[in-house]
Amino acid sequence: MKFTKMHGCGNDYIYINGFTEKVAQEDKPELVRRLSDRHFGIGGDGAIFINPSTEADFEMEMYNADGSRAEMCGNGIRCVAKYVYDKGLTNKTDISVISCGGVKYLQLFLEDGKVDTVKVNMGTPELVPERIPVVCEAARESIIDEPVFVQGQEYKMTCVSMGNPHAVIFMDNVTDLKIEKIGPYFENHERFPKRINTEFVKVLDRQNVQMRVWERGTGETLACGTGCCATVVACILNGLTDESVTVKLLGGEIRVTWDRESNLVYMSGPAVTVFEGEW
């Protein structure tokens with residue numbers, strides 16, 4: 001089986017051409033676990049199969065490193081765009097990609113004939129708790145700056161879905177955060193029936209924030225595209241930033257804009273091919 005290793009701001013995945021490489025659906029979770037192992041496999045935050053689609057130009061079938069299926073990945077979908085263009089699967093610089101029923105629209109920017117950066121229309125942020133999902137005692141329209149108790153400590157969370165669930169936690173210091181200790185408790189908290197991706201965020205100014213992320217099914221990653229989008233939405237809802245923000249991550253920077261008039265979130269960032277091989 002041939003593969004391509006790619007990353008967006010250090011959020012790395014193993015990409016497999018589903019047009020030519022045939023893997024039985026029931027075998028994919030275990031295969032992804034083996035591929036993603038950084039000691040005994042290729043190494044990555046998960047694997048993404050690029051498949052044909054009748055509803056969009058391509059389908060992105062994404063799995064976390066633990067073999068669980070994920071709905072959406074902002075860094076992953078940018079790399080899908082680079083893969084299909086650089087490999088000649090399309091000659092268009094405006095494409096659509098479907099993942100778990102949701103279609104995203106991407107604009108590709110080239111350098112020396114190859115994709116360098118990608119802008120993604122990430123769609124409308126979902127704030128209704130039951131659709132994220134987040135457990136609430138009563139029906140409500142959103143969860144903004146609400147207390148949540150984790151390991152006996154109170155945090156304030158703002159919850160957003162960008163096709164997958166996120167809880168954004170604002171903090172004064174994320175650099176020294178022992179994320180490997182607290183992250184699993186957020187991920188598996190009783191209020192998140194499908195687990196949660198957790199962003200720990202320090203606001204630097206009206207246009208810049210610093211973020212670390214604990215992704216469900218993977219752990220800490222160097223970047224999370226949907227997490228950046230959820231973070232900027234949360235910042236704006238809490239009155240902390242302007243509508244266009246640079247998110248500074250361990251692996252690089254991603255630019256996010258929430259167009260309030262259209263209620264659409266746009267994300268721009270790099271896509272990089274690391275190497276290719278055969279498993």
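This is a predicted model: local features need pLDDT of at least 70, side-chain atom pairs count only at pLDDT 80 or more; totals for chains, interfaces and linings use all residues.
Visitor: How far does helix H4 (residues 225-237) reach from its first C-alpha to its last?

Guide: Helix H4 has 13 residues, where helices (H or I, at least four residues) and strands (E, at least two) are DSSP runs numbered from the N terminus.

Visitor: Why is H4 said to be largely enclosed by the rest of the structure?

Guide: The buried residues (under 20% relative accessible area, with exposed meaning over 50%, partly exposed in between, for a 1.4 Å probe and protein chains only) run in H4 from Gly225, Thr226 and Gly227 through Cys228, Cys229, Ala230, Thr231, Val232, Val233 and Ala234 to Cys235 and Ile236. H4 is largely enclosed because its buried residues number twelve of the 13.

Visitor: How many of the 13 residues of H2 are buried?

Guide: Helix H2 (residues 74-86) reaches 19 Å from its first C-alpha to its last, close to the 18 Å expected, and just after H2, glycine 88 takes a positive phi of about 80°. Its buried residues include Gly74, Ile77, Arg78, Cys79 and Tyr85. H2 is thus mostly covered, with a buried count of twelve.

Visitor: Which residues does glycine 8 touch, not counting residues up to four places away in sequence?

Guide: Glycine 8 is found in strand E1 and is buried, with a relative accessible area of 0%. It lies 66 residues from glycine 74 in sequence, yet the C-alpha to C-alpha distance between them is 8.6 Å. By the contact criterion (heavy atoms within 4.5 Å), glycine 8 touches Asn75, Arg78, Cys79, Ala223 and Pro270.

Visitor: Which strand gives the largest share of the lining of the largest pocket?

Guide: A pocket is, on a 1 Å grid over the protein atoms alone, an open set of points with protein on both sides within 12 Å along at least five of seven lines, and lining residues have an atom within 4 Å of a point. The largest pocket is lined by Lys2, Phe3, Thr4, Asn17, Thr20, Glu21, Tyr83, Lys87, Glu276 and Gly277. Strand E1 (2-8) and strand E18 (272-278) each give two or more residues to this lining. The largest share, three residues, comes from E1.

Visitor: Is proline 52 buried or partly exposed?

Guide: Proline 52 is found in the loop between strand E3 (46-51) and strand E4 (58-64). Leaving aside neighbours within four places in sequence, it is in contact with Gly18, Phe19 and Glu59. With a relative accessible area of 47%, proline 52 is partly exposed.

Visitor: What is the omega of the peptide bond from isoleucine 132 to proline 133?

Guide: Most peptide bonds are trans. Proline 133 lies in the loop between strand E8 (114-123) and strand E9 (146-150). The bond that joins isoleucine 132 to proline 133 is cis, with omega near 0°.

Visitor: What is the phi of aspartate 145?

Guide: Cysteine 9, in the loop between E1 and strand E2 (11-17), has a positive phi near 55° and counts as buried at 3% relative accessibility. Aspartate 145, in the loop between E8 and E9, is partly exposed, with a relative accessible area of 40%. Although aspartate 145 is not a glycine, its phi is positive, about 55°.

Conventions
Residues are numbered from 1 along each chain as its sequence is written. Side-chain values use heavy atoms; hydrogens and water are left out. The expected span of a helix is 1.5 Å times one less than its number of residues. On a 1 Å grid over the protein atoms alone, a cavity is a set of points where a 1.4 Å probe fits but cannot get out, and a pocket is an open set with protein on both sides within 12 Å along at least five of seven lines; lining residues have an atom within 4 Å of a point.
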